[in-house]
Amino acid sequence: MPYRAPVKDIRFILDHVVGFAEVAATPRFAEATPDLAEAILTEAGRLSTDILAPLNKTADRNPARLENGAVVSSPGFAEGYRAIAEGGWVGMAASPEHGGMGLPISLALGVDDMMSGACLALQLKPLLSKGQIEALEHHADDALKALYLPKLTSGEWSGTMNLTEPQAGSDVGALRTKAVPNGDGTFAITGQKIFITWGDSDITANVCHLVLARLPDGAEGTKGISLFMVPKFIPDAEGRLGDRNSLRVVSLEHKLGIHGSPTCVMEFSGAKGWLVGAPHKGMAAMFTMMNNARLSVAAQGVGVAEAALQHALAYALDRKQGATPVEGGGTIIDHADVRRMLAVARAEIFAARAIALSCAKAIDMASATGSPDWQARAALLTPIAKAYGTDVACEVASLGVQVHGGMGFIEETGAAQFLRDARILPIYEGTNGIQAMDLVARKMADGGEAAFRLIDEVERGAEAAREAHPDLAGEVWAAAEALREATEAMLALPLNDRFAGAVPYLRAFALVLGAGAHLKAMRADPAREALARVMIRRLLPEHAALLAQAKEGAAGLYAVGAEELAA
């Protein structure tokens with residue numbers, strides 16, 4: 001079944017669940033009218049369905065490769081990327097000052113969702129450029145902005161981020177890459193970086209690397225790290241490309257999935273770089289890019305889950321196997337367990353999509369109003385959106401294989417690709433365990449105020465639905481109250497005890513938010529009640545077991561020694 005971009009579902013969530021009209025009512029985003037939003041999403045859907053989706057399987061079977069030190073892209077990727085760049089999609093949310101559209105993140109995230117479902121390996125390229133654009137807008141000096149932002153925004157050049165080293169993964173502070181002043185305002189960057197997505201490309205004129213490195217007087221750990229722009233080709237003041245910089249691709253990783261996306265080992269040998277932001281403040285600048293990427297990765301998870309479900313549904317509608325209890329039926333969709341898998345997948349995709357778009361709206365409102373409450377809401381929702389959306393991607397892709405039965409394990413059916421591609425997403429941009437730890441630590445440094453405001457909102461929605469749907473509304477309200485009590489209990493725990501329960505706590509929080517979103521959707525459109533019941537009656541009850549785990553603490557985990565684990 002060919003992928004169909006879920007334009008209708010994204011638009012419904014924006015209008016009836018997230019409340020996108022509030023964004024459009026701000027002076028900052030006044031141009032984002034309903035007609036414009038419809039046009040943007042419809043055109044992005046057409047591009048995703050007609051141009052990008054046909055490249056997905058081709059890229060899986062014809063991976064990016066390294067020839068004579070240069071990356072050769074998968075067939076059709078040059079044309080697909082050109083369609084993205086020429087359509088202005090890279091610079092959707094970028095500042096108009098440098099050629100962007102200045103549109104809300106809420107719309108840009110919907111586009112990320114559709115393009116990821118169509119072809120994740122290719123969508124990764126503009127995703128990184130968008131994150132780099134935001135980092136430069138916030139932290140670069142005027143000269144760097146004037147030189148790089150127009151080219152990145154147009155898609156003529158592309159961006160990467162270089163954090164990880166062989167000995168410095170999640171512990172970024174252990175990096176060894178050095179930056180030595182050249183005496184002319186530039187720096188010589190020397191070191192090796194690994195896992196660099198789209199670290200080289202034959203489909204853009206230049207590749208612009210944001211590289212974390214340590215100056216000679218930089219302190220140990222993250223506080224001594226600086227950020228540098230290190231281009232593949234060194235441009236002059238007008239943006240004309242000159243000499244090749246002293247950097248190279250050492251090798252490409254042989255990956256489980258996303259074969260069309262080249263993951264590079266990069267070597268910098270005294271490469272010329274320019275400081276981005278203040279010395280020793282590189283992590284603050286890089287986190288701007290990483291937070292942008294984290295939400296985009298949430299949308300990638302939702303997009304891949306959408307594509308996997310569409311693929312499984314088409315098979316279920318066609319495959320005849322065994323007698324079914326549905327009169328006039330005959331395909332496996334009429335078996336109760338197959339229907340369960342498909343319904344659960346659709347309910348979770350809706351919930352994950354609603355959480356991600358709610359986070360995007362909070363970012364837009366924070367940008368438009370400067371409100372600390374919106375900023376705190378966006379910060380709190382980011383790890384929930386990223387972790388839940390990417391976990392759902394793996395779970396739905398796995399269900400997709402299961403719906404296919406034995407055929408799902410056969411590569412020719414295409415179901416396995418979604419599972420292989422999705423598996424990187426819970427690892428990207430800070431593993432989901434790190435997201436959960438961030439949620440229960442830094443994101444609750446306010447004493448849980450932002451979390452309690454979200455819980456209050458879910459309870460108000462449940463109260464509004466109680467008269468018409470007392471059973472469902474009551475269950476959502478009770479789950480929200482249980483989450484409130486668990487949050488209070490978590491806040492009273494020592495930090496490592498919080499960390500031990502952080503992953504189940506985040507999942508429970510996501511289930512409560514997702515159930516609230518379904519309840520709101522059902523009130524706006526009664527036809528969505530059946531799906532809401534799946535979420536609230538079949539999935540939401542898991543919150544109780546998850547919250548019990550969350551409050552258990554760490555002692556029991558450390559009581560299991562290495563000997564028992566090895567037995």
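S48 touches Y3, A5, A53, M114, M115 and A118, leaving aside residues up to four places away in sequence; touching here means heavy atoms within 4.5 Å. You'll find S48 in helix α3, residues 34-52. Helices (H or I, at least four residues) are DSSP runs, numbered from the N terminus. At 0% relative accessibility, S48 counts as buried. Buried means under 20% relative accessible area, exposed means over 50%, and partly exposed is in between (1.4 Å probe, protein chains only).

## What you're looking at

This is a predicted model, where local features need pLDDT of at least 70, side-chain atom pairs count only at pLDDT 80 or more, and totals for chains, interfaces and linings use all residues. Residues are numbered from 1 along each chain as its sequence is written, and side-chain values use heavy atoms, with hydrogens and water left out.

## Rings that pair up

Rings of Phe, Tyr and Trp (its six-membered ring) pair if their centres lie within 6.5 Å; planes under 30 degrees apart are stacked, over 60 edge-to-face, and the rest tilted. By that rule there are four aromatic pairs. One of them joins Y148 and W157: the ring centres are 5.6 Å apart and the planes sit at 65°, so this pair is edge-to-face. Y148 is buried at 1% relative accessibility, and W157 is buried too, with a relative accessible area of 1%.

Y505 and F509 make another edge-to-face pair, with 5.9 Å from centre to centre and 90° between the planes. What separates Y505 and F509 in helix α16? About one helical turn, because they are four residues apart in that helix, which covers residues 502-524. Y505 has a relative accessible area of 0% and is buried; F509, at 0% relative accessibility, also counts as buried.

## Arginines over rings

A charge sits over a ring if NZ of Lys or CZ of Arg is within 6 Å of the ring centre and within 35 degrees of the ring normal. R528 lies over the face of F12, 3.7 Å from the ring centre. R244 lies over the face of F233, at 6.0 Å from the ring centre.

M407, F409 and I410 make a nonpolar surface patch of about 340 Å². Such patches take residues with over 30% relative accessible area and no salt bridge, joining nonpolar side chains (Val, Leu, Ile, Met, Phe, Trp, Tyr) within 5 Å, and like charges within 9 Å. A salt bridge is a side-chain nitrogen of Lys or Arg within 4 Å of a carboxyl oxygen of Asp or Glu. Areas come from the Shrake-Rupley method with a 1.4 Å probe; for residues, only the protein chains shown count as cover.

M407 is in the loop between α10 (372-404) and α11 (415-422). At 40% relative accessibility, M407 counts as partly exposed.

Terms used
Helices (H or I, at least four residues) and strands (E, at least two) are DSSP runs, numbered from the N terminus.
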